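Visitor: I have just opened this one and have not looked at it before. Can you walk me through some of it?
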Amino acid sequence: MKRAKIFAAVIYAMLVMGTITFVHFPELQADEAQAKIGAEQARETALRAVPGTVKESDLETEHGRLIYSFEIKRPGQRGITEVNVSAMDGSIVNIHREHAGKSRKAEQHAQLNAETANHGDNL
């Protein structure tokens, strides 16, 4: 009986936390049901604008707009080009090139911050 109450409490807490997350972070609510353009059509649009290999893709809300974000590796070039395609009308919203050096520095900075935060927890 005690296990059932604990289990129910854990499930309830998870539901509450999930609800709070979506209320306070509406950009996490982006889903394909809201999109008028499919992921495959958006991918084709992105690859027409920037030919290459899609390394990562995501549907997200950015600056109040629902977009598909594609990270594309172009042959013979360093770094990644990010192409944002509107999920509402299929237009190109933004194209941004991230240089390999900047990406490595950003990764190192994030790793350093994570290590610092973890070290602070151990004190």
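Visitor: How many bridges join strand β1 to β2?
Guide: This is a predicted model. In it, 9 bridges join β1, residues 53-62, to β2. The two strands run antiparallel.

Visitor: Which residue in β2 stands opposite Leu 59?
Guide: Tyr 68 in β2 is opposite Leu 59.

Visitor: And how many residues are between β1 and β2 in the hairpin?
Guide: There are 2 residues between the strands of that hairpin.

Visitor: Switching to helix α2. Which of its residues are buried?
Guide: Helix α2 covers residues 39-49, and its buried residues are Ala 42, Thr 45 and Ala 46. Viewed down the axis of α2, they fall within an arc of 100 degrees, so they line one face of the helix.

Visitor: What covers the buried residues of α2?
Guide: The cover includes three strands: β2 (65-73), β3 (80-86) and β4 (92-98).

Visitor: What about Ala 49, buried or partly exposed?
Guide: Ala 49, which lies in helix α2, has a relative accessible area of 36%.

Notes
Residues numbered from 1 in each chain as written. Predicted model: local features only at pLDDT ≥ 70, side-chain atom pairs only at ≥ 80, totals over all residues. Heavy atoms only, no water. Buried < 20%, exposed > 50% of the residue type's maximum accessible area, 1.4 Å probe, protein only. Helix = DSSP H or I, 4+ residues; strand = E, 2+ residues; numbered from the N terminus. Arc of directions from axis to C-beta. Contact = heavy atoms within 4.5 Å. Pairing = 2+ DSSP bridges.
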